Amino acid sequence: MTDRPPKLSRRGALRAALATSVSATGVLGAAAPADSRAAAPHGFGGAHRAPRIGALNAQSAVRTLTVGDVRLTYVVDATMELDPVGFLPAVPTGYWREHPEQLTASGRIAASAGGVLVERGRRRLLIDVGLGSNVLAPSLGISHGGALLRTLRALQVSARSIDTVAFTHLHTDHTGLGFLRDDHQVPQPAFPCADYLVADREWEPFWRRQVTVGAPSWDDFMVPLSRVVRRFGDGDEIWPGVTALITPGHSPGHTTYVISATGGRRVLVFGDAFHTPAQITRPDWPSGPDVDVDAVLKARHTLLDRLTAPRTHAFAFHFGDQVFGRVVRDANGARWHPVPARPLLPHPIPPA
Ligand SMILES: [Zn+2]
């Protein structure tokens, strides 16, 4: 952290106590077992659904994966279908002709948006907050969001029980539900007990209005965030066992979160360093919105080294219904290998 020491303030202690009391009382409901851990809500509805691998060309279900002592759940907010030419101009059109199974019926790339809930013990970290009421530029694709808080409620997770919100980057499909307008039309934090964390290298250029690509609303996001933001640097531990790895290029301070779990396991939440599994195999194919292609290629090189390390999982926001996986390397190069993850709820946005 570069501006304030994390977690030790009286306010922070108060927030932690509040978060604990909220999750220990009414939120989990009478049906929750006494020792509910954070586990109780997630057993909800999905306990008997076997883990399975979804389709790459489908919108993501609300899936959960436990790695060591950490549980990750994709809190799905939005449907997005990316235009393969508009969003990924570097990918030869012949690639899609050879892999029609990777496209939706309308010939687009299925890419949901949302947040990933990270739970350890009683603590809850939410990485990114979906698209909300934002929409993709028509040249990039079509979108419909706004389900994040509804999905959390369906999981029986109270917004007040989230102690930390951390952003991989500030694009509109990752920041949509950070703030909500109150009765006086004043934006207030959607997660009122959470610290809001952004990499310093991401915050500064957006706050100076040097970045326009994908920038969130000034009045409804940047200004209210400026009142509460806590900034961190490369390598900082932003939450117990979660370290920031700055992987710039898609945006100036784009951040990967490296989550350490018991047994020497790790999960990398790599944000938008990759938008589709094809880029794992062909890291030289950047994405249209990337602001610094050279930096993206360098970041991907670093990431692939880390992703192919033993006992390493990854979470990919936009990989269709295959958001949890590993990266394996063989004679043909690196490859996304989706892993079975339990579906708790179906994708929350009905088809248009
Ligand atoms: Zn994105």
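## The open sheet

In what order do the seven strands of the open sheet lie? In this predicted model, the order is 12-13-14-15-16-17-18, and the strands pair in a mixed manner. Strand 12 (237-239) and strand 18 (333-338) form the edges, each pairing on one side only. From one strand to the next, the twist averages 35°.

## Strands 17 and 18

Strand 17 comprises residues 324-330 and is paired with strand 18 in the antiparallel sense, over six bridges.

R329 stands opposite A334 of strand 18, while G325 has P338 of strand 18 as its bridge partner. In general, the side chains of a regular strand alternate between the two faces of the sheet.

## Helix 10 against the sheet

Helix 10 (residues 293-307) packs on the sheet. The strands touched by helix 10 are strand 14 (255-261), strand 15 (265-269), strand 16 (312-315), strand 17 and strand 18. The direction of helix 10 makes about 130° with that of strand 16.

The helix has 15 residues, and the distance from its first C-alpha to its last is 20 Å. This span is close to the 21 Å expected at 1.5 Å a residue.

## The two sides of helix 10

Which residues of helix 10 are buried? They are V296, A299, R300, L303 and L307. These residues lie on the same side of helix 10 because they cover an arc of only 105° around the axis. Strand 14, strand 15, strand 16 and strand 17 are among the elements that cover the buried residues of helix 10.

The face turned away from the buried side of helix 10 carries exposed residues, namely D294, H301 and D305.

## The largest nonpolar core

The largest nonpolar core of the model contains 92 residues. Within this core, the residues with the most contacts are V165, V267, V269 and F315. Strand 2 (residues 70-82) contributes the largest share of the core, with eight residues.

Apart from neighbours within four places in sequence, V165 is in contact with L126, V129, F191, A194, Y196 and L197.

Note on methods
Residues are numbered from 1 along each chain as its sequence is written. This is a predicted model: local features need pLDDT of at least 70, side-chain atom pairs count only at pLDDT 80 or more; totals for chains, interfaces and linings use all residues. A nonpolar core is a set of buried Ala, Val, Leu, Ile, Met, Phe, Trp, Tyr and Cys residues joined through C-beta atoms within 7 Å. A residue is buried if 20 or more other C-beta atoms lie within 10 Å of its own, exposed if 12 or fewer, and partly exposed in between; C-beta atoms are placed from the backbone. Helices (H or I, at least four residues) and strands (E, at least two) are DSSP runs, numbered from the N terminus. Two residues are in contact if their C-beta atoms, placed from the backbone, lie within 7 Å. Two strands pair if DSSP finds at least two bridges between them. Axes are lines fitted to C-alpha atoms, for helices over the stretch in contact, and angles run from 0 to 180 degrees between N-to-C directions. The expected span of a helix is 1.5 Å times one less than its number of residues. The arc is that of the directions from the helix axis to the C-beta atoms.
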